[in-house]
Amino acid sequence: MAERYYQPEIETASPEQIRQWQNERLVKQVHHVWDNVPYYRKKMEEKGLTPDDIQSVDDLHKLPFLSKADLREAYPYGLMGAPLKDCVRIQSTSGTTGKRVVAFYTQADIDLWEDCCARAIVAAGGTNEDVCQVSYGYGLFTGGPGLNGGSHKVGCLTIPTSSGNTERQIMFIRDLSATILCCTPSYAAYIGETMKEMGLTPDEIPLKAGIFGAEAWSEEMRRDIEKTLGIKAYDIYGLTELSGPGVSFECSAQTGMHINEDHFIAEIIDPDTGEVLPDGTEGELVFTAITKKAFPLLRYRTRDICVLNREKCPCGRTHVKMSKPRGRSDDMLIIRGVNVFPSQIETVLLNQGYPANYQIVVDRVNHSDTLDVQVEMTPEMFTDNLGEITRRQKELTDGLRSMLGIGAKVTLVAPKSIVRSEGKAVRVIDKRKI
Ligand code: DLL
């Protein structure tokens with residue numbers, strides 16, 4: 001099937017054209033921020049910069065970074081770039097780690113955000129013939145509103161179920177023949193598990209594609225979800241500070257997410273030194289929003305760790321691709337001096353045939369860090385044969401040791417004993433921080 005695009009002239013523009021848009025928009029945006037955001041203007045002044053110092057993307061590295069700490073300091077209005085009378089909406093993060101992020105939108109900001117989400121839906125095969133069920137949370141979280149808007153733009157029949165009430169989700173998917181499902185990957189896995197328990201086989205499920213993001217998920221988890229639901233599962237990335245979902249999205253190649261470079265300039269930096277790294281090197285992703293007016297963040301440090309790839313994509317899109325974030329640098333656990341990402345643990349579990357239902361508990365006992373991984377068995381594995389359980393636990397411990405380079409205690413637990421998530425899954429409990 002020929003690849004389809006929502007905005008073909010933009011999505012397949014030449015790299016030179018994209019660079020030209022970025023140059024022009026960056027210069028304009030820096031003036032906009034200088035004139036309207038005193039907080040950032042002060043940061044520029046401290047570095048001895050004026051807008052004239054930024055003539056093109058080549059000068060981007062001169063600008064100061066913004067981080068979550070700045071957002072906290074400037075909360076709630078300090079980074080606004082448009083008067084309140086021009087803003088029509090806020091969205092916000094859950095605020096589990098510190099103060100909430102509150103992002104503001106003009107109507108034009110919402111419009112371009114929804115365009116980005118529409119690009120993602122079309123890249124997943126969506127057309128106005130599709131029925132798109134949006135099972136991300138609606139409200140302050142950006143997932144529901146963003147994909148809802150994108151789905152309208154594509155012309156899909158949109159089912160705004162929001163998250164939760166899994167039985168009703170399944171009823172709508174079946175009764176209204178939903179073809180596209182949008183939710184977090186952990187919720188997609190839960191919906192799939194519930195359908196399986198209801199005796200539904202993949203060919204009895206009308207879905208053909210899923211657009212899953214908002215949390216890190218592994219390739220193994222993708223394969224599991226694709227198999228259970230009988231769909232192709234596409235990744236989507238974004239963050240509230242930059243609008244929400246749709247900063248980047250996956251195409252049919254499923255080898256990374258195209259960043260919407262006409263709206264966001266991406267850089268990869270060394271998280272320790274702030275130095276800009278060449279494409280192809282792993283580091284922290286930094287974004288500059290060049291079209292948003294109400295919340296125009298320049299050089300925002302995402303804390304997400306990934307790699308950029310500019311190789312030609314078979315889908316025909318020309319915008320740079322980012323790898324699946326390996327997790328946030330602040331999700332990274334340092335256990336006995338070793339860096340551990342929850343996604344590495346997930347890979348070991350899924351490779352050994354376990355479901356993505358697990359919990360990682362980190363503690364400090366007698367001045368030494370402990371890593372305890374609780375892993376749920378599938379109903380088929382479930383047994384009270386102690387020898388069998390010990391053998392399985394040892395197999396997992398060995399797998400984790402060779403992946404992480406440190407020892408972990410593995411506890412196998414009964415099916416369904418780990419709480420399911422309807423939004424972003426909470427995988428890690430770090431008792432050292434409590
Ligand atoms: O999670 C926006 C979103 C909604 C994205 C729906 C995709 C789908 P926040 O709640 O502000 O916004 O959280 C942003 O979530 O910095 C990443 O660490 C993580 N994240 C988002 N998408 C992905 C993804 C939304 N596809 C933070 N893979 C980001 C890995 C992701 N991590």
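Let's start at the ligand: one of its nitrogen atoms sits 3.1 Å from a backbone N or O atom of Ala-214. The model is a predicted one, where local features need pLDDT of at least 70, side-chain atom pairs count only at pLDDT 80 or more, and totals for chains, interfaces and linings use all residues. Residues are numbered from 1 along each chain as its sequence is written, and side-chain values use heavy atoms, with hydrogens and water left out.

| Residue | Protein atom | Ligand atom | Distance |
|---|---|---|---|
| Ala-214 | backbone N or O | nitrogen | 3.1 Å |
| Asp-235 | side-chain N or O | nitrogen | 2.8 Å |
| Ile-236 | polar backbone atom | nitrogen | 2.7 Å |

On its own the ligand has 610 Å² of accessible area, and the protein covers 93% of that; areas come from the Shrake-Rupley method with a 1.4 Å probe. There are 21 residues around the ligand, and Ile-236, Thr-240, Asp-304, Arg-328 and Lys-424 come nearest; to count, a residue needs a heavy atom within 4 Å. Strand 7 (residues 232-239) gives the most to this shell, with five residues. Helices (H or I, at least four residues) and strands (E, at least two) are DSSP runs, numbered from the N terminus. Sorted by class, the shell holds nine nonpolar, six polar and six charged residues. In that scheme Ala, Val, Leu, Ile, Met, Phe, Trp, Tyr, Cys and Pro are nonpolar, Asp, Glu, Lys and Arg are charged, and the others, Gly among them, are polar.

On a 1 Å grid over the protein atoms alone, a cavity is a set of points where a 1.4 Å probe fits but cannot get out, while a pocket is an open set with protein on both sides within 12 Å along at least five of seven lines; lining residues have an atom within 4 Å of a point.

The second largest pocket has a volume of about 940 Å³. It is lined by 39 residues, with Ala-189, Glu-193, Pro-355, Ala-356 and Asn-357 closest to its centre. Helix 8 (185-197), helix 9 (219-229) and strand 17 (358-365) each give two or more residues to the lining, and helix 8 has the largest share with eight. The lining divides into 20 nonpolar, nine polar and 10 charged residues. At least three residues come from each of domain 1 (1-329) and domain 2 (333-430), with bounds from an automatic or database domain assignment.

What is the volume of the largest cavity? About 90 Å³. Of its 13 lining residues, Leu-71, Arg-72, Tyr-75, Val-101 and Val-102 are closest to the centre. Helix 4 (residues 68-73) gives the most to this lining, three residues, and the classes come to eight nonpolar, one polar and four charged.

Tyr-75 turns up again in the backbone: a cis peptide bond joins Tyr-75 and Pro-76, with omega about -10°. Pro-76 lies in the loop between helix 4 and strand 1 (87-92). Elsewhere, Ser-162 has a positive phi of about 60° without being a glycine; this residue is in the loop between strand 4 (157-159) and helix 7 (166-175). Most residues other than glycine have a negative phi, and most peptide bonds are trans.

Definitions and conventions: Points joined across faces, edges and corners; volume = space filled by probe spheres on them. Polar contact = N/O pair within 3.5 Å; in protein donor to acceptor, adjacent residues only side chain to side chain.
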